Amino acid sequence: MRYSKLPLDELISFFLKQKREGEFWDFKQEWYEKTEDLLKDIICFANTVHDEDCFIIFGIADDLSITGMAGERKKQADIIDTISNLSFAGDNLPSISLESLIFQDVELDVLRVYNTNKTPVYLKKQYGKMRPGCIYARIGDKNTPDNGNAEIGVIENLWRKRFGLTKAPLDYIFDELVNKLNWVKSDNGYYNIYLPEYTLECSEEDYEAGRRTDEFYSYVQTNESTSYYMMDIKARGTTLESFQIVILDGGRLSIPVPEWRYVNFDKYHRDVIKYKCVVKGSHIEQLMQFMYDPENPDERLAFTRNEEVILFFESEIERNNFENYIKSNKLNLKKRINSSNAFDYIKTECEAKTNAYKKSIRTAIVLKDMLEEFRGINKISFDKC
């Protein structure tokens, strides 16, 4: 799991539970007195071999008590302006954002240093005590000293990170999917422009009928015609992971099949509801975003219809918490599903399938509404914390 994909409040809770500072987070009670010290820490956090964003949280003391900030605070624009005016080798600047939030009734500032593959990040000209050409890095909870240089092994790994040599092939492929321009379309899929041996290969055969899942959400599209194929994620000819791809709306949209989830209301699994979902940051979601082109109006319309009956979660934690919320509101959930007549017009090849699809669609619509209610309740509770 990528920790930096979590909401900030969940991240801070996770960091505090570790009872220490770490390789991708740091606590400060107050903002830095000297901007050069802030920039030094930003550069150190940019120079990490892992693939997480890094965080400096202001308003938390050394003993991990949540104190808030009494002194002067920085603005994001001022920090970015300072970074932009420094002379970085290769013009590889660290990227940051600054956000404030209320956590346990105290306002905190959270500075995010975004993960970069363009490491090492270092200066061409001296700034403060940082010397030109020196590589400052974050190892564990320690930064390279002002008058030092990162160890040779660390520097080698930072260069290896730049060339994608520190990642497992599957991690590299999915991280690269964000950069659609780094992939070239081929006769049977895609290959990576920098590492052509990393490929996304599609089988031309229709997915075997006996292994198909019921895609009830086909019936919320203008055209319910649906077909399938397989996409294999490969490195040097070896299949690392495979996905079933569904072609919706008569060919207008191709996406990975969302995951089925089952919520059991009793320990014997006799009282169950099921729904389809996608979790942000999962391989299914990353591949879906790669395949989906929001600039294409036909795809955008089909994808929007798909969103009506597929649940999209911000994290696995949110999904698990929502399923607990469903269990505690079982009677309300079932009442709303039974009273719904949404998509009553749909027809399939047999009555049993039609009724099953109607129930799946109505269940999904009710769950979507309840998810918004759940998020609203959580937001109110968080605002009161």
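These notes walk through a predicted model of one protein chain.

1. **Overall make-up.** The chain has ten helices and 15 strands. Its C-alpha atoms fill a box of roughly 75 × 55 × 40 Å, taken along the principal axes. Of the 385 residues, 45% are buried. Among contacts with a separation of 6 or more, 63% join residues 24 or more positions apart.

2. **Confidence.** The average pLDDT of the chain is 91. A score of at least 70 is reached by 95% of the residues. One stretch calls for care. Residues 207–211 have a pLDDT below 50. Beyond near neighbours in sequence, that stretch makes four contacts in the model. Where pLDDT is low, the predicted coordinates should not be read in detail.

3. **Helices H2 and H3.** Helix H2 covers residues 35–46, and helix H3 covers residues 76–84. Their axes come within 11 Å. The crossing angle is roughly 75°. An angle of 65 to 115 degrees counts as roughly perpendicular, so H2 and H3 are roughly perpendicular to each other. On the H2 side, the contact is made by Thr35, Leu38, Leu39 and Ile42. H3 contributes Ile79, Thr82 and Ile83. By type, the residues of this contact are five nonpolar and two polar, with no charged residue.

4. **The six-stranded sheet.** Six strands form an open sheet, in the order E7-E8-E9-E10-E11-E12. The pairing is antiparallel. Which strands stand at the edges? They are E7 (183–186) and E12. Each has a single partner strand, so one side of each is left without a neighbour in the sheet. From one strand to the next, the twist averages 25°.

5. **A pair within the sheet.** Strand E8 (residues 189–192) and strand E9 (residues 198–202) run antiparallel. Three bridges join them. Tyr191 stands opposite Thr199 in E9.

6. **Helices on the sheet.** Helix H5 (residues 169–176) packs on the sheet. H5 touches E7, E8, E9, E10 (227–235) and E11 (238–248). The direction of H5 makes about 35° with that of E11. Helix H6 (residues 283–291) packs on the sheet as well. H6 touches E7, E8, E9, E10, E11 and E12. Its direction makes about 160° with that of E12.

7. **Pro258, in a loop.** Pro258 lies in the loop between strand E12 (253–256) and strand E13 (259–264). Is this residue buried or exposed? Pro258 has a relative accessible area of 3%. Buried means under 20%, so Pro258 counts as buried. Leaving aside neighbours within four places in sequence, Pro258 is in contact with Tyr217, Lys276, Cys277, Val278 and Ile310. Pro258 and Lys74 are 184 residues apart along the chain, and their C-alpha atoms are separated by 42 Å.

8. **Thr363, in a helix.** Thr363 is found in helix H10, which covers residues 351–384. Thr363 has a relative accessible area of 5%. The cut-off for buried is under 20%, so Thr363 is buried. Which residues is Thr363 in contact with, leaving aside its neighbours within four places in sequence? They are Ile273, Lys274 and Ile337.

Terms used. Residues are numbered from 1 along each chain as its sequence is written. This is a predicted model: local features need pLDDT of at least 70, side-chain atom pairs count only at pLDDT 80 or more; totals for chains, interfaces and linings use all residues. Side-chain values use heavy atoms; hydrogens and water are left out. Axes are lines fitted to C-alpha atoms, for helices over the stretch in contact, and angles run from 0 to 180 degrees between N-to-C directions. Helices (H or I, at least four residues) and strands (E, at least two) are DSSP runs, numbered from the N terminus. Angles under 35 degrees count as roughly parallel, over 145 as roughly antiparallel, 65 to 115 as roughly perpendicular and the rest as oblique. Contact means heavy atoms within 4.5 Å. Ala, Val, Leu, Ile, Met, Phe, Trp, Tyr, Cys and Pro count as nonpolar, Asp, Glu, Lys and Arg as charged, and the others, Gly among them, as polar. Buried means under 20% relative accessible area, exposed over 50%, partly exposed in between (1.4 Å probe, protein chains only). Two strands pair if DSSP finds at least two bridges between them. pLDDT is the predictor's confidence in each residue, from 0 to 100.
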